[in-house]
Amino acid sequence: MTAVAGRPAPGLRRRAAALLHRRPLLRLSLLLSAPLAWLVVAYLGALGAIFLTAFWTTDTFTGEIVREFTAVNFQTLWDEPVYRTIALRSLGVAVAVTAIDMAIGLPMAFYMAKVARPRHRPMLVSAILAPLWAAYLVKAYAWRVMLAEGGPVDQALEPFGLSGPGYGLTATVLVLSYLWLPYMILPVYAGLERLPGALLDASGDLGARPLRTFRTVVLPLVYPSLVAGSIFTFSLSLGDYITVKIVGGRSQLIGNVVYDNVGAANNLPFAAAVATVPVVVMLGYLAAARRTGALREL
Amino acid sequence: MWSTRMALATTAALAIGLAAGCGGDGDSADKAKGAGQGGFSVPKIPVRQSLGAGEGQVNLVAWAGYAEDGSNDKTVDWVHPFEKQTGCKVNTKVAGTSDEMLTLMKTGEYDAVSASGDASLRLIASGTVAPVNTSLVPNYADIFPGLKLKPWNSVNGVAYGIPHGRGANLLMWRTDKVTTAPDSWGAVFDANSPYKGKITAYDSPIYIADAALYLKTARPELGIKDPYALDQKQFDAAVALLKTQQGLVGEYWSEYTKEVQAFKSGNSVLGTTWQVIANLSKAEKAPVEVTLPKEGSTGWSDTWMVAAKAKHPDCAYKWMDWIVSPKANAQVAEYFGEAPANAKACGMTADKKFCETFHATDETYFSKVHFWTTPIAQCLDGRTDVKCVDYSKWTQAWTTIKG
């Protein structure tokens, strides 16, 4: 006791440190408060703001927002069949893009993880990542030129008596599949890498043919990774409006309706109401994905 | 919901009627929303009394081809001489539609805008733009009287901008693909068109007026007088026509470079355009021609307006004076393909017959061009027995049309 009393009074820093040492809960909350505040304000706050704005309206003449609570935007969204058509079309595009990316991404990831030599793998991963370094708009416009009438795609198909899809929904699905493919390959590759090669050998030794090995061993183990990849391709496709503007011809997706209402019609509240549709769809998708354990693969 | 919106639009309409009726009053209405008095309140925004030396830069929202600095065509440049003379660096944001202009101006980041008639009143009513002191714009004196203090650029005799020029939306086609030169808007609305999938249309609700203008002559029994004043029946007919057209359209355009590229590659062969797009397409060696169809056309009469919260108001005023100065106004009018606003510009054009070709002084010609204006519930053509369809419904119908 006397030895302690003999020491000089502890400074503020030391006292704070001691306090934090004694109170682990305080320590934890101080540590987490900044990132948590960021999450709450920037992410959930923005979502909340969208949802709140959706219940306002716009004075169509002056463009000023009328802050009176009304569900009229959702009413319009529900009553007007065109919005249902557009929502379903967007959903269809997102599903098609996801399916195509799965079909292409899975074999590619399998080759990268299991067939290619280990020292080639980093190179293959960089090759997959390389397109991500080019700007999105550049890639979309490049596709516009390629798909133009008499463009490279038409020329390549000409010897077979075919022609390119032209601008439209097919072109949109094609370009989106191209754009989001790396987001599918990477999680699947990561999942396959963790799959022990011995399992494949064991399956073969027990007499399973490759297809059966794939169906009963590889697919169940890599399934959560596939779902994780599909979350990327699905959500990115669902919100896209630029690609469809560039190569989509006259088609419009949910993103275009939001964009037109923000950028052209200046009807922010209605745009917010429309924007809740993909949010709801994605929440449903994520809830389903959670059950597969895919969220642990992200 | 529609009833409240309609009420708002109706009061706005009443106020415009008042504004047009008691021009010369000189006193802009105070910001008050008396329902009986009409609700189109013009926010009180002070007029600039004198100009300073300039702030070193100015941010413009403009139509494509309105602020050319030689980057598209080396010989087309009236921005650099302005920068040299005034020391105001020009930053231009090109907008594709009037609605986009409105949205951009509301961000408060821009000092001046080249607003068409379907945006100008909305800009005034929302207090986004300030009245203009025309005595600070010396070249205003030479502007055609037919453009001054019009319902779309003034309120109660107070000028809200400097007229820039006027012109018509044209019909463009590929001469190698479209064999007989079209002379009617019917070419883009024909359900059995041989150019199905290669027709293009302007991606804005205001394009509904183009359909209405065609119906005005094609279906006289509808009794359309003004394509911006459509009652429900007339509006439905126009929307139905556009829904048929949707099946023919390859793509809708709002960005001018997209239309140039589409006509160049042949993805579009027929559709509505501006003269400037035709010029750019021809410069890229696309075989295109344009015409003003026999039904007349929709068109625009543009006004340079200065933002109420402009950060560079002096440079904005200098720009407004510059763009209507005889030389620059002649250049921009000739490049964009529109009638200039400055009477003296006609003597400065490279093509000496330019003003004649574009009917710069011909008020009877412009009576056939229906200038863009914002549709409101009170019919602009003077009918009082019916209610017209307002712009918010035009916007929603446009989404439905595109499907």
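Analyst: Axes are lines fitted to C-alpha atoms, for helices over the stretch in contact, and angles run from 0 to 180 degrees between N-to-C directions. The model discussed here is predicted.

User: At what angle do H5(A) and helix H11 (residues 210–239) of chain A pack?

Analyst: The axes of H5(A) and H11(A) lie 8 Å apart. Angles over 145 degrees count as roughly antiparallel and 65 to 115 as roughly perpendicular. H5(A) and H11(A) are therefore oblique to each other. The packing angle of H5(A) and H11(A) is about 140°.

User: How many residues of the contact of H5(A) with H11(A) are charged?

Analyst: From H5(A) the contact takes in residues including A:Ser90, A:Val97, A:Asp101 and A:Leu106, and from H11(A) residues including A:Leu226, A:Gly229, A:Phe234 and A:Leu238. By class, the contact of H5(A) with H11(A) has eight nonpolar and seven polar residues. The number of charged residues there is one.

User: How far apart are the axes of helix H5 (residues 81–115) of chain A and helix H9 (residues 169–193) of chain A?

Analyst: H5(A) and H9(A) pack at an angle of about 40°. The cut-off for roughly parallel is under 35 degrees, and H5(A) and H9(A) are therefore oblique to each other. The distance between the axes of H5(A) and H9(A) is 6 Å.

User: Is the crossing of H5(A) and H9(A) left-handed or right-handed, and how many nonpolar residues does the contact have?

Analyst: H5(A) passes H9(A) in a right-handed crossing. The contact of H5(A) with H9(A) includes three polar and three charged residues. Its nonpolar residues number 22.

User: Is A:Pro165 buried, exposed or partly exposed?

Analyst: A:Pro165 sits in the loop between helix H8 (152–157) and H9 of chain A. Leaving out residues up to four places away in sequence, A:Pro165 touches A:Leu147, A:Thr170, A:Ala171 and A:Leu174. Around A:Pro165 there are 18 other C-beta atoms within 10 Å, so A:Pro165 is partly exposed.

User: How far apart in space are A:Pro165 and A:Pro187?

Analyst: In sequence, A:Pro165 and A:Pro187 are 22 residues apart. Taken C-alpha to C-alpha, the distance in space between A:Pro165 and A:Pro187 is 30 Å.

User: Turning to chain B, what share of its residues is buried?

Analyst: Chain B has 14 helices and 15 strands. Of its contacts with a separation of 6 or more, 72% join residues 24 or more positions apart. The buried share of the 403 residues in chain B is 58%.

User: Which helix gives the most to the side of chain B that touches chain A?

Analyst: In chain B, 31 residues are in contact with 25 residues of chain A. Elements that each supply at least two residues of this side of chain B include helix H1 (2–21), strand E10 (249–253) and helix H14 (391–402). By class, the side of chain B that touches chain A has nine nonpolar, 14 polar and eight charged residues. The most, six residues, comes from H14(B).

User: Why do the buried residues of H2(B) line one face of the helix, and what do they pack against?

Analyst: B:Val79, B:Phe82 and B:Thr86 are the buried residues of helix H2 (residues 79–86) of chain B. Seen down the axis of H2(B), these buried residues fall within an arc of 60°, so they line one face of the helix. On the other side of H2(B), B:His80, B:Lys84 and B:Gln85 are exposed. The buried residues of H2(B) pack against strand E2 (89–94) and helix H10 (313–323) of chain B.

User: How many of the nine residues of H3(B) are buried?

Analyst: The buried residues of H3(B) include B:Asp99, B:Glu100 and B:Met105. Just after H3(B), B:Gly108 takes a positive phi of about 80°. H3(B) is mostly covered, and the number of its residues that are buried is seven.

User: What phi does B:Lys285 take?

Analyst: Most residues other than glycine have a negative phi. B:Lys285 lies in the loop between helix H9 (275–283) and strand E12 (288–291) of chain B. With 8 other C-beta atoms within 10 Å, B:Lys285 is exposed. Its phi is positive, near 70°.

User: Where is B:His359 found?

Analyst: B:His359 has a positive phi of about 55° although it is not a glycine. B:His359 counts as partly exposed, with 18 C-beta neighbours inside 10 Å. Its place is the loop between helix H12 (354–357) and helix H13 (363–366) of chain B.

Notes: Residues numbered from 1 in each chain as written. Chains lettered and ligands numbered in written order. Predicted model: local features only at pLDDT ≥ 70, side-chain atom pairs only at ≥ 80, totals over all residues. Buried ≥ 20, exposed ≤ 12 C-beta atoms within 10 Å, placed from the backbone. Helix = DSSP H or I, 4+ residues; strand = E, 2+ residues; numbered from the N terminus. Arc of directions from axis to C-beta. Contact = placed C-beta atoms within 7 Å. Nonpolar A, V, L, I, M, F, W, Y, C, P; charged D, E, K, R; others polar. Left-handed = near helix turned anticlockwise from the far one by under 90°.
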